[in-house]
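Please keep the sequence and the structure in view while reading.

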Amino acid sequence: MTEKKEHIKNILALLPDTPGVYQYFDKEGKIIYVGKAKNLKRRVSSYFNKTHDSIKTNVLVKNICDIKYIVVKSEEDALHLENSLIKEYKPRYNVLLKDDKTYPWITIKNEHFPRIFLTRKIIKDGSKYYGPYANVHIAKTVLELIRDLYPIRTCHLALTPENIKKKKFKVCLQYHIKNCKGPCENYENETEYMEYISQIRQILNGNTQQLCDHLVAEMQKLSSELKFEEAQSVKEKYLLIEKYRAKSVIVSTTIHNTDVFSYDEDGNSAFVNYLHIRNGSIVQSFTIEFKKRLNEAKEDILALGIAELRTRFKSLSKEIIVPFLPDLKFENAEFIVPQRGDKRKLLEISEQNVKQYKIDKLKQSEKMNPEQKSTRLMKEIQKELGLQKLPLQIECFDNSNIQGSDAVAACVVFKKAKPSKKDYRKYIIKTVNGPDDYASMQEVVRRRYQRAIDEGTTLPDLIITDGGKGQMEVVRKVVEDELHLNIPIAGLAKDNRHRTSELLFGFPPLVIGLKQQTPLFHLMEQIQNEVHRFAISFHRDKRSKSQVTSELDTIKGIGPQTKNLLLTHYKSVKRIREASLNELTELIGSSKANTLINALQKKKE
């Protein structure tokens, strides 16, 4: 151990005060971490001269047995070298770029009469590649536009001047349906064909305005020469390009050749979105994901993302819009953190894209593992309310009565953030006379948790009342003062439109800010709506039964069996009133029929 410390100490003493990249090796000689530094000596020494807050960083330092470094000219060079080494060796403790897909490109092949097609493989043969496209549907849409506009060949023939001159080929179906002009039989010369290619390059580069201007001028020229059919063909091309442009995001006619980057994170994942702006339009959009290993600073990860994406897209833009300054400097580019105007709007578009990517990844992950969503919601509740443990079981109470009549209450149970309907309970209020919601709530809470104590059943991790501060306090008195239970209590209040408006917690209660339309807000809204629905439906059932029985149960001579027979046959008291004496006599006998009619007549009077 002493030998290892001495070895590290000797290396630290020799480190230069220059930009560079350092590599940490374990006892087996394997690279476990790669980092960049503006000053190698200061940065590397900082790992060994203090105890770090991060447990992972302390574990990393403990496993370092050797250090190597590479000196470079600038921070930018250090960043690019760091990025390539991480991708090459995938060190255990480094941020990991999660990019195992091969994305599609549109290529213009380097050949006579170039073909244009989609590919996922880049071959360095002089061909021109455009992309990559994060969405293959977008790439196919662009390719379809090109083929609608221009008669580009799709065959794989080697259309060299020699082969064409020797008449090796015959035209195919694409020529006969006018999708190709037949260069294989020399029906089209290469100069005319390359004019199409030149215009296609403009579309793929996003320079559609210049192309549209050219087409308008050509259309006008043909019209003046009375070549109306040719002019109509050019017009159709112009309209197709205009339709394509309308689907593009036009951001500003004053912003040209600009890169935009935004950043977001979620747990151990970090996301960087890239937009490229050319001639006022967004021509590229791409998002990459990093897996964090050592709680890396967002400035470092953004710098890695910028280096990776600018290299991947071969961007040389001199203006880079960012949400905050990364730990990076480019010699020939300027970083801008916009506060307002078109550039701020651009950054907001990028931020919207990175957030959407994060949401899509989360949805995809939760679709594969449904339990993950429930766990995330419970952790959010635990964090927002500062609970000591995860709220695996949440119970919510609500009362229902009309001017004190048929007073009932309900309790709904959510387990792992999902309704557990078999555990729902209904309560008829027994000890409270009149419309007293507070006393009714106390009775129900007392009955439920006293029984749970007596029977040894599971107690909830969180109690929610459908109401504000008053309801929370009466529940607290029962739970804490009477039953001596330590269960967190929250309250859900509604606004005057009966919509979930705020979550209350603590004593004295404080409003916990919930952003609307978030999954956590929707869960709270679901709990409140569910307990309200359950209480109201139980109250309606009880009230309707009491209305039916109140008239028949008080008639002497009409017992339970007769009442059931009447209700089964007639379905309601109203229909019983409308029945004739003969009909009733036939069903329940003469004596009971007369008794029933006389009693109902007196009630009506």
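## Charges over rings

In this predicted model, Lys68 lies over the face of Phe25, at 5.2 Å from the ring centre. A second case is Lys298, which sits over the face of Phe324, at 4.6 Å from the ring centre.

## Pairs of aromatic rings

A pair of aromatic rings is described by two quantities, the distance of the centres and the angle of the planes. The count for this model comes to 16 aromatic pairs. One of them joins Tyr24 and Tyr47: their ring centres are 5.2 Å apart and their planes stand at 85°, so the pair is edge-to-face, since an angle over 60 degrees counts as such. This pair links distant parts of the chain, for Tyr24 belongs to strand S1 (residues 20-25), while Tyr47 lies in the loop between helix H2 (40-45) and helix H3 (55-63), 23 residues apart.

Are these two residues buried or exposed? Tyr24 has a relative accessible area of 0% and is therefore buried. Tyr47, at 5% relative accessibility, also counts as buried, because the limit for a buried residue is under 20%. Both residues belong to a cluster in which ring pairs link Tyr22, Tyr24, Tyr33, Tyr47 and Phe48.

## A pair between a strand and a helix

The rings of Phe397 and Tyr449 have their centres 5.9 Å apart and their planes at 80°, so this pair too is edge-to-face. Here again distant parts of the chain are linked: Phe397 is in strand S13 (residues 393-402) and Tyr449 is in helix H14 (residues 437-455), 52 residues apart. Phe397 counts as buried at 0% relative accessibility, and Tyr449 is buried with a relative accessible area of 1%.

Helix H4 (residues 75-89) has 15 residues. From its first C-alpha to its last, H4 reaches 21 Å, close to the 21 Å expected at 1.5 Å a residue. Just after H4, Lys90 takes a positive phi of about 45°.

Which residues of H4 are buried? They are Glu75, Ala78, Leu79, Glu82, Asn83, Leu85 and Ile86. These residues cover an arc of only 170° around the axis, which means that they lie on the same side of H4. An α-helix has 3.6 residues a turn, so residues three or four places apart point the same way. The elements that cover the buried residues of H4 include S1, strand S2 (31-37), strand S3 (66-71) and helix H11 (298-312).

Notes
Residues numbered from 1 in each chain as written. Predicted model: local features only at pLDDT ≥ 70, side-chain atom pairs only at ≥ 80, totals over all residues. Heavy atoms only, no water. Phe/Tyr/Trp six-rings, centres within 6.5 Å; stacked < 30°, edge-to-face > 60°. Helix = DSSP H or I, 4+ residues; strand = E, 2+ residues; numbered from the N terminus. Buried < 20%, exposed > 50% of the residue type's maximum accessible area, 1.4 Å probe, protein only. Lys NZ or Arg CZ within 6 Å of the ring centre and 35° of its normal. Expected span 1.5 Å × (residues − 1). Arc of directions from axis to C-beta. Contact = heavy atoms within 4.5 Å.
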